[in-house]
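Subject: Structure for your files

Hello,

Here is the structure I said I would pass on. My notes follow it, beginning with the salt bridges and ending with the packing.

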Amino acid sequence: MECRVLSIQSHVVRGYVGNKSATFPLQVLGFEVDSINSVQFSNHTGYAHWKGQVLTAEELNVLYEGIKLNKVNHYDYILTGYSRDTSFLEMVVDIIQELKKANPSLVYVCDPVMGDHGAMVRITFKTLKSNVCCCVQVMDLLHQMGPETVVLTSTDLPSKHGDQFLVALGSQKTVKPDGTNATQKICMDIPKVDAVFVGTGDLFAAMLLAWTHHHPRDLKAACERTVSVMHHVIKRTINYANEMAGPGKRPSPAQLELRMVQSKADIENPAIVVEARVLHQSSH
């Protein structure tokens, strides 16, 4: 069966961020992707200069109305990322609620973009155990608010492998065909790369959508494939950027644009390079 995604994110002419980061990888993995561009910029804002336009809530509604009038507003997934405007988000919510009524099995994948490079309010704990417990409580709290799957992509938790690793956590609550509830909580240690990339969060959200679709009751497998895709894309990107910059020079934003097309084979069939540890698994 055809699987269709409505992706409401930013767009850039040059480079990979927002819909440019999400669409190609999803298409490679067999998804039909309908894109609404919340902004259209010449390039991402990490460059010295950028120009472009911002879509308003009213303009978003006009686009959606066109889709609805043609009766092609049936989706299996909705994917959203960064949004800078409250009224725009409110319109997104209205669209999601309407699409959910038309298709109750629709899944909303939300990248909340809550922080980047430390720019986020955090609570500091003294031990790894209390850190993990805190994160697990946060994920359980989010489950209570509705989402079946929650992934914390990069925490400040200390990794047992040292400070060159990020710790990611995931939690999934599903209902099995026999009606029983299943819970799986996982942890991953992800190698850090000494560079600032843009568009990686958008790629992560898209890959999580894809791999949870292909592994709907196995968060461990879905996250291993998602993180492994990220590893291959980032590794290829940093190797290219360093080569272009030359010895001893830091790569420019243009040189650090994700090597997406060149990573097509890794997106389709990633070699698993990061394994997830199961923290908790139960069925009742």
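Asp34 forms a salt bridge with Arg4, and their closest N and O atoms are 2.9 Å apart. The model is a predicted one. This pair links distant parts of the chain, with Asp34 in strand S2 and Arg4 in strand S1, 30 residues apart. Asp34 counts as partly exposed because its relative accessibility is 23%, and buried would need a value under 20%. Salt bridges that share partners also bring in Glu2, so that Glu2, Arg4 and Asp34 form one network.

The two strands are also paired with each other: S1 and S2 (residues 32–41) run in the parallel sense over eight bridges. Ile8 stands opposite Ile36 in S2. Strand S1 (residues 4–12) is largely enclosed by the rest of the structure, because eight of its nine residues are buried.

The structure holds nine salt bridges. Another of them joins Arg277 to Asp189, with 2.5 Å between the closest N and O atoms. Arg277 is in strand S9 (residues 277–283) and Asp189 in strand S8, so this pair ties together parts that are 88 residues apart in sequence. Arg277 is partly exposed at 32% relative accessible area, whereas Asp189 is buried at 9%.

Lys220 and Glu224 also meet in a salt bridge, at 2.7 Å from N to O. Both lie in helix H6, four residues apart, which is about one turn of the helix. Lys220 is partly exposed, with a relative accessible area of 23%, and Glu224 is buried, with 8%.

On the packing, the largest nonpolar core has 43 residues, and those with the most contacts inside it are Leu26, Phe31, Leu79, Met188, Met207 and Leu209. Helix H1 (19–28), strand S4 (77–80), strand S8 (181–191), helix H5 (200–214) and helix H6 (219–245) each supply at least two of its residues. H6 gives the most, with ten. Leaving aside residues up to four places away in sequence, Leu79 touches several residues, among them Val5, Ile8, Leu26, Val109, Ala205 and Leu209. There is also a second, separate core of 17 residues, which includes Ile8, Tyr75, Ile78 and Ile95.

Leu142 is found in helix H4 (residues 128–144) and counts as partly exposed, at 30% relative accessibility.

Regards

Technical notes
Residues numbered from 1 in each chain as written. Predicted model: local features only at pLDDT ≥ 70, side-chain atom pairs only at ≥ 80, totals over all residues. Heavy atoms only, no water. Core = buried A, V, L, I, M, F, W, Y, C linked by side-chain atoms within 4.5 Å. Buried < 20%, exposed > 50% of the residue type's maximum accessible area, 1.4 Å probe, protein only. Contact = heavy atoms within 4.5 Å. Pairing = 2+ DSSP bridges. Salt bridge = Lys/Arg side-chain N within 4 Å of Asp/Glu carboxyl O.
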